[in-house]
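Hi everyone, thanks for making time this morning.

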Amino acid sequence: MSHQLTISYPETFPDALQQTKEQFEQEAKWAMAIKLFEMKRLSSGMAAALVGIDRVSFLLSLHRYGVPMIDLTEAELLSDLENA
């Protein structure tokens with residue numbers, strides 16, 4: 001079962017971004033999925049499902065939005081290397 005989220009926005013937004021209504025709405029969906037992933041509120045698989053693509057494609061698209069695939073601190077990376 002799916003739920004639907006409706007967001008109201010001024011009709012001038014797509015034109016202001018030189019996009020069609022559909023392009024603007026798709027970008028908004030991506031922005032929500034990426035931000036929720038970045039905040040660690042959604043897994044990469046869940047975020048991918050939100051935009052309707054597979055997990056690997058979602059992860060490979062993150063660089064376009066300046067979001068790392070893996071968000072580990074230097075200490076976490078060093079710890080992982082030491083435990084390997």
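What you see is a predicted model, where local features need pLDDT of at least 70, side-chain atom pairs count only at pLDDT 80 or more, and totals for chains, interfaces and linings use all residues. Residues are numbered from 1 along each chain as its sequence is written, and side-chain values use heavy atoms, with hydrogens and water left out.

One more term and we can look around. Helices here are DSSP runs of H or I with at least four residues, strands are runs of E with at least two, and both are numbered from the N terminus.

Let's start with the aromatic rings. A pair of aromatic rings is described by the distance of the centres and the angle of the planes. Rings of Phe, Tyr and Trp (for Trp, its six-membered ring) pair if their centres lie within 6.5 Å; planes under 30 degrees apart are stacked, over 60 edge-to-face, and the rest tilted. How many aromatic pairs does this rule give? The count is five.

Take Phe13 and Phe24, one of these pairs: their ring centres are 6.0 Å apart and the planes sit at 80°, so we call the pair edge-to-face. Phe13 belongs to helix 1 (residues 13-16) and Phe24 to helix 2 (residues 21-38), so this pair ties together parts that are 11 residues apart in sequence. Is Phe24 buried or exposed? At 13% relative accessibility, Phe24 is buried, while Phe13, at 39%, is partly exposed.

Now move along to Trp30 and Tyr65. This aromatic pair is stacked, with 5.9 Å from centre to centre and 15° between the planes. Trp30 is buried, at a relative accessible area of 9%, whereas Tyr65 is partly exposed at 36%. Together with Phe37 and Phe58, these two make up one aromatic cluster.

Next, how do helix 2 and helix 3 run? Their axes come within 9 Å and cross at roughly 170°, with helix 3 covering residues 44-51. Axes are lines fitted to C-alpha atoms, for helices over the stretch in contact, and angles run from 0 to 180 degrees between N-to-C directions. That makes the two helices roughly antiparallel, a label for angles over 145 degrees, with under 35 roughly parallel, 65 to 115 roughly perpendicular, and the rest oblique.

Which residues meet there? From helix 2 we have Gln26, Lys29, Trp30, Met32, Ala33 and Phe37, and from helix 3 Ser44, Ala47, Leu50 and Val51. Contact, by the way, means heavy atoms within 4.5 Å.

Stay with Ser44 for a moment. Ser44 is buried, with a relative accessible area of 8%. Leaving aside residues up to four places away in sequence, Ser44 touches Phe37, Arg55, Phe58 and Leu59. Also in helix 3 is Met46, which is partly exposed at 48% relative accessibility.

Finally, a look at the loops. Most residues other than glycine have a negative phi, and most peptide bonds are trans. Gln18, in the loop between helix 1 and helix 2, has a positive phi near 55°, and Gln18 is exposed at 76% relative accessibility. Lys40, in the loop between helix 2 and helix 3, also has a positive phi, near 65°, and Lys40 is exposed at 57%.

Last stop: Lys21 in helix 2. Lys21 is partly exposed at 47% relative accessibility, and touches Tyr9 and Pro14, again not counting residues up to four places away in sequence.

Technical notes: Buried < 20%, exposed > 50% of the residue type's maximum accessible area, 1.4 Å probe, protein only.
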